[in-house]
Amino acid sequence: MLIRHGMNQLTLLNNVRNSGTLASSSSAVLRRQHLLIRCLSAHSYNSGGNNRWQETKPSMEADADNILRAITPVLDPTKHKGQAGKVAVIGGCREYTGAPYFAAISALKIVSLILLDIALTGADLSHVFCTKDAAPVIKSYSPELIVHPILEESYSVRDEDKGNVSRKVVAEVDKWMERFDCIVVGPGLGRDPFLLDCVSEIMKQARQSNVPIVVDGDGLFLVTNSLDLVSGYPLAVLTPNVNEYKRLVQKVLNREVNDQDAPQELLSLAKQFGGVTILRKGKSDLISDGQTVKSVTIYGSPRRCGGQGDILSGSVAVFLSWARRLNLGAEGNLGISTTNPTVLGCIAGSALLRKAASLAFENKKRSTLTTDIIEHLGKSLEDICPA
Ligand SMILES: NC(=O)C1=CN([C@@H]2O[C@H](COP(=O)(O)OP(=O)(O)OC[C@H]3O[C@@H](n4cnc5c(N)ncnc54)[C@H](O)[C@@H]3O)[C@@H](O)[C@H]2O)[C@@H](O)CC1
Ligand SMILES: Nc1ncnc2c1ncn2[C@@H]1O[C@H](COP(=O)(O)OP(=O)(O)OP(=O)(O)O)[C@@H](O)[C@H]1O
Ligand SMILES: [Mg+2]
């Protein structure tokens with residue numbers, strides 16, 4: 001019965017997707033999909049209630065599989081380059097070249113999964129803006145990524161040149177900004193003060209252009225020290241790990257992390273940030289936009305190899321772009337919580353990564369590496385959303 005119910009939902013969603021873009025679908029189809037999404041979001045931890053974490057924990061779990069099916073576009077032979085989504089990663093410096101690669105290649109792999117002919121359509125989908133030292137290394141990992149060696153660290157710029165160099169860096173990224181569906185700021189960015197100043201300007205430009213921003217890694221270090229960069233921006237997503245979350249709570253809520261009431265604390269943090277979406281990574285991933293809290297507890301992997309967070313940030317960038325295109329809530333009759341594309345993107349990204357990590361661990365056990373998990377992203381999506 002459960003299987004049949006799942007298949008009916010899948011058929012419904014596939015029908016919706018096959019009927020073309022949502023904009024061109026009939027309003028009846030739209031309403032059906034909205035109803036489904038509303039059902040998916042019916043159980044959540046809402047800011048209005050007095051519920052406590054312990055009481056609501058089971059019902060907070062997002063129906064991640066159905067959300068993934070709802071927001072993943074169908075394989076479409078008519079799609080041309082760029083229509084599947086374009087993501088840019090701002091990160092990569094002398095110390096870290098793996099992190100931006102993991103984020104960018106994950107985004108590219110997921111986007112490619114909905115394109116029939118990657119040779120014709122897959123190029124130019126995933127960009128990396130990094131320092132000059134990091135660029136040749138990142139390029140050598142993958143010829144499919146477009147790598148821009150434009151960021152500068154303090155050691156390579158004289159004080160008197162900093163103004164000019166900064167303007168050049170920002171203009172170079174801005175040239176591309178309109179083409180991106182989302183930017184990911186921070187994987188392997190490092191913490192050089194001059195570089196971070198330039199990245200602050202890039203974030204301001206993205207915000208001005210209404211481009212969603214996923215902030216991870218050292219981007220969170222930057223944001224924790226300059227809250228205004230994302231505060232009140234509904235298209236911002238923060239993806240803190242345990243340390244990054246601790247620093248955010250200390251800075252914004254002015255107290256230590258309280259694990260006894262994790263959902264309420266996350267809700268307060270997102271609210272205090274003016275409605276940005278925060279994905280708190282951990283044994284289970286918790287997601288809040290200040291209105292609602294959802295959890296993803298799908299079994300992942302017991303291996304904690306570095307780089308899984310980077311896969312997550314690249315994946316969230318793609319899924320939130322797809323969710324945004326659905327224009328959920330356009331008819332104004334939806335529940336507010338999980339119709340937020342940034343929340344949907346986080347749920348989908350988290351679920352996909354955890355499933356891929358679990359598949360990789362089945363094969364590689366203790367020797368599982370981040371690259372093995374990336375190899376399983378395709379199967380992980382295929383299992384939920386068959387082509
Ligand atoms: N293979 C790679 O290239 C990887 C790089 N990563 C990147 O590594 C960076 C750090 O991420 P973590 O998750 O380790 O972050 P954490 O916040 O857990 O930092 C790790 C430790 O290093 C210290 N630290 C880091 N940079 C510092 C600096 N410039 N000055 C002083 N202290 C510093 C922190 O205070 C902390 O004690 C991020 O940019 C992240 O994206 C990770 O994503 C893992 C994979
Ligand atoms: N204890 C855990 N058990 C199961 N899964 C976990 C656990 N901790 C984190 N994860 C999963 O791993 C993913 C990455 O989280 P993690 O905390 O490792 O990020 P990170 O430290 O930023 O990673 P990175 O090394 O890429 O910087 C999250 O989506 C989360 O679901
Ligand atoms: Mg990280």
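Me: What makes a polar contact with the side chain of Arg280?

Reply: In this predicted model, the partner of the Arg280 side chain is the side chain of Asp259, at a distance of 2.8 Å. A polar contact requires N or O atoms within 3.5 Å, and the value of 2.8 Å meets that limit.

Me: Why is the pair of Arg280 and Asp259 also called a salt bridge?

Reply: The closest N and O atoms of Arg280 and Asp259 are 2.8 Å apart. The cut-off for a side-chain nitrogen of Lys or Arg and a carboxyl oxygen of Asp or Glu is 4 Å, so the pair of Arg280 and Asp259, at 2.8 Å, qualifies.

Me: Is Arg280 buried or exposed, and how do you know?

Reply: The relative accessible area of Arg280 is 14%. Buried means under 20%, and therefore Arg280 is buried.

Me: With which residues is Arg280 in contact, leaving aside its neighbours within four places in sequence?

Reply: With those neighbours left aside, the contacts of Arg280 include Pro240, Tyr245, Val257, Ala262 and Glu265. Asp259, the salt-bridge partner, is also one of the contacts, as are Leu266, Asp285 and Leu286.

Me: What links the side chains of Asp285 and Arg354?

Reply: Asp285 and Arg354 meet in a salt bridge, with 3.5 Å from N to O. This pair joins distant parts of the chain, with Asp285 in strand S9 (residues 285-288) and Arg354 in helix H14 (residues 341-364), 69 residues apart. The distance of 3.5 Å falls within the 4 Å cut-off. Both Asp285 and Arg354 are buried.

Me: How do you know whether Lys132 and Glu152 count as buried, exposed or partly exposed?

Reply: Lys132 has a relative accessibility of 46%. That value lies between the limits of 20% and 50%, so Lys132 counts as partly exposed. Glu152, at 15%, is buried, because the limit for that word is under 20%. The side chains of Lys132 and Glu152 meet in a salt bridge of 2.3 Å, N to O. The two residues are 20 residues apart, Lys132 in the loop between strand S3 (126-131) and helix H7 (134-141) and Glu152 in the loop between strand S4 (146-151) and helix H8 (162-177).

Me: How many salt bridges are found in the whole structure?

Reply: The search of the whole structure finds 15 salt bridges. A network of salt bridges links Arg158, Glu160 and Asp161.

Me: Which residues surround ligand 1 and are the closest?

Reply: Ligand 1 is surrounded by 15 residues, and the closest are Gly188, Asp218, Asn243, Arg247 and Asp310. By class, this shell has four nonpolar, seven polar and four charged residues.

Me: What lies 3.2 Å from an oxygen atom of ligand 1?

Reply: The atom at 3.2 Å is a polar side-chain atom of Asn241. On the backbone, a polar atom of Gly188 is 2.9 Å from an oxygen atom of ligand 1, and an N or O atom of Gly98 lies 3.1 Å from one. On its own, ligand 1 has 850 Å² of accessible area, of which the protein covers 57%. Helix H5 (98-112) and H11 are the elements that give two or more residues to the shell around ligand 1.

Me: Which residues are the closest to ligand 2?

Reply: Of the 14 residues that surround ligand 2, the closest are Lys281, Asp285, Gly307, Gly309 and Arg354. A polar side-chain atom of Arg354 is 2.5 Å from an oxygen atom of ligand 2, and for a polar side-chain atom of Arg304 the distance is 3.0 Å. A polar backbone atom of Gln308 lies 3.3 Å from an oxygen atom of ligand 2. The protein buries 77% of the 620 Å² that ligand 2 exposes when taken alone.

Me: Why does Ser288 count as buried?

Reply: Ser288, found in strand S9, has 0% relative accessibility. The limit is under 20%, and therefore Ser288 is buried. A polar atom of the Ser288 side chain lies 3.0 Å from the backbone nitrogen of Gly290. Apart from neighbours within four places in sequence, Ser288 is in contact with residues including Leu266, Leu267, Ala270 and Val293.

Definitions and conventions:
Residues are numbered from 1 along each chain as its sequence is written. Chains are lettered from A and ligands numbered from 1 in the order in which they are written. This is a predicted model: local features need pLDDT of at least 70, side-chain atom pairs count only at pLDDT 80 or more; totals for chains, interfaces and linings use all residues. Side-chain values use heavy atoms; hydrogens and water are left out. Helices (H or I, at least four residues) and strands (E, at least two) are DSSP runs, numbered from the N terminus. Buried means under 20% relative accessible area, exposed over 50%, partly exposed in between (1.4 Å probe, protein chains only). A residue is near a molecule or strand if one of its heavy atoms lies within 4 Å of it. A polar contact is a pair of N or O atoms within 3.5 Å; within protein, one must be able to donate a hydrogen and the other to accept it, and residues adjacent in sequence count only if both atoms are side-chain atoms. Accessible areas come from the Shrake-Rupley method with a 1.4 Å probe; for residues, only the protein chains shown count as cover. Ala, Val, Leu, Ile, Met, Phe, Trp, Tyr, Cys and Pro count as nonpolar, Asp, Glu, Lys and Arg as charged, and the others, Gly among them, as polar. Contact means heavy atoms within 4.5 Å.
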